[in-house]
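Please bring up the model on your screens, and we'll walk through it together.

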Amino acid sequence: MAPRNKRRTSRPDAPAPAGLKARLYEPLPKSQVREMFESICVAVILAFFVRTFVVQAFKIPSGSMEPNLLIGDHLLVNKFVAAPTLTKVEDTLLPIEAIHRGDVIVFKHPKMPERDLIKRTIGLPGETIELRERRLYINGKPLNEPYAHFLFKDTADVAPGDVRRNFGPVTVPAGQYFMMGDNRDNSQDSRYWGFLPLEYVKGRALFIYFSFGEGGLSNLVSGVRWSRIFHQIH
């Protein structure tokens with residue numbers, strides 16, 4: 001009588017080979033496309049954070065700050081200046097700076113908020129500003145302005161009723177500032193559109209990181225004003 005074949009049964013509790021067990025728990029390798037996508041996302045988030053809360057680029061669009069800032073200058077703006085805070089902890093930990101007289105500030109146009117301007121801080125809250133024969137007075141005392149520039153060398157070339165020659169006196173309200181361009185005869189500033197509310201301030205100009213002269217990008221090499229790069233703004 002032929003022997004019966006025995007049915008082979010696997011042992012349910014037999015351990016898996018060590019190599020197989022290790023492979024089962026290995027994480028799936030990321031594809032290069034996924035890694036690239038994640039890197040781009042992180043870079044975009046960081047760039048958004050820096051632009052929103054730390055620094056922002058700004059380009060000089062007009063000659064209102066000449067000769068100190070020229071058309072084609074590209075600036076970095078410190079957005080921690082006058083930044084709003086919610087708690088005293090933020091005031092302590094974050095490098096928030098107050099606005100001082102002489103600071104060059106980038107801000108939203110009070111009459112056209114979609115447009116950015118750059119001017120110098122002249123009057124602080126509570127101060128009285130007056131322009132007499134093109135000379136600035138703060139609370140009745142003349143202000144020394146080595147940065148001021150005039151297209152008309154002779155005061156008599158400007159009409160007496162022109163705000164470029166005589167203006168005020170006016171008192172700066174609380175929470176607002178009186179701003180003027182360094183190029184006094186070619187600047188639309190607080191003499192024309194009034195005071196700057198604090199909440200319209202974007203930041204203080206730090207330094208020029210690049211500068212293009214005449215021709216701009218079309219004259220990329222010879223048009224670069226190399227001597228102005230990394231020039232600190234005062």
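This is a predicted model: local features need pLDDT of at least 70, side-chain atom pairs count only at pLDDT 80 or more; totals for chains, interfaces and linings use all residues.

Residues are numbered from 1 along each chain as its sequence is written, and side-chain values use heavy atoms, with hydrogens and water left out.

Back to N139. You'll find N139 in the loop between β6 and β7 (141-142). When I say strand, I mean a DSSP run of E with at least two residues, numbered from the N terminus. Phi of N139 is positive, near 55°, in a residue other than glycine. For context, most residues other than glycine have a negative phi, and most peptide bonds are trans.

Now move to R134, in the loop between β5 (128-132) and β6 (135-138). R134 also has a positive phi, about 70°, although it is not a glycine. Is R134 buried or exposed? R134 is buried, because its relative accessible area is 9%.

Four strands form an open sheet in the order β7-β6-β5-β8, with antiparallel pairing. Two strands count as paired if DSSP finds at least two bridges between them. β7 and β8 stand at the edges with a single partner strand each, so one side of each has no neighbour in the sheet. Between β5 and β6 there are four bridges, and the two run antiparallel. If you look across that pair, R132 stands opposite R135 in β6.

P169 is found in strand β8 (residues 167-171), and a cis peptide bond joins G168 and P169, with omega about 10°. Another cis bond joins E66 and P67, where omega is about 0°. P67 sits in the loop between β1 and β2.

Strand β1 (residues 55-59) and β2 run antiparallel and are joined by five bridges. F58 has L75 as its bridge partner in β2. On to strand β11 (residues 201-211): six bridges join β2 to β11, again antiparallel, and V77 is partnered by A205 in β11. Why do we call strand β2 (residues 73-78) largely enclosed by the rest of the structure? Because five of its six residues are buried.

Four of the five residues of β3 are buried, so β3 is largely enclosed by the rest of the structure. β3 is joined to β4 by five bridges, running antiparallel, and V106 has I118 as its bridge partner in β4. β3 also pairs with β11 in the antiparallel sense, over three bridges, with I105 opposite R204 in β11.

Now colour the side chains, please. The largest nonpolar core has 12 residues in all: F58, I60, M65, L69, L75, V77, V104, V106, I118, A205, I208 and I233. A nonpolar core here is a set of buried Ala, Val, Leu, Ile, Met, Phe, Trp, Tyr and Cys residues joined through side-chain atoms within 4.5 Å. The elements giving two or more residues to this core are β2, β3 (104-108) and β11. What does I233 touch? Not counting residues up to four places away in sequence, I233 touches L69, L75, V104, A205, L206, F207 and I208, where contact means heavy atoms within 4.5 Å. Apart from this core lies another, of 11 residues, among them Y147, F167, V172 and F178.

Technical notes:
Buried means under 20% relative accessible area, exposed over 50%, partly exposed in between (1.4 Å probe, protein chains only).
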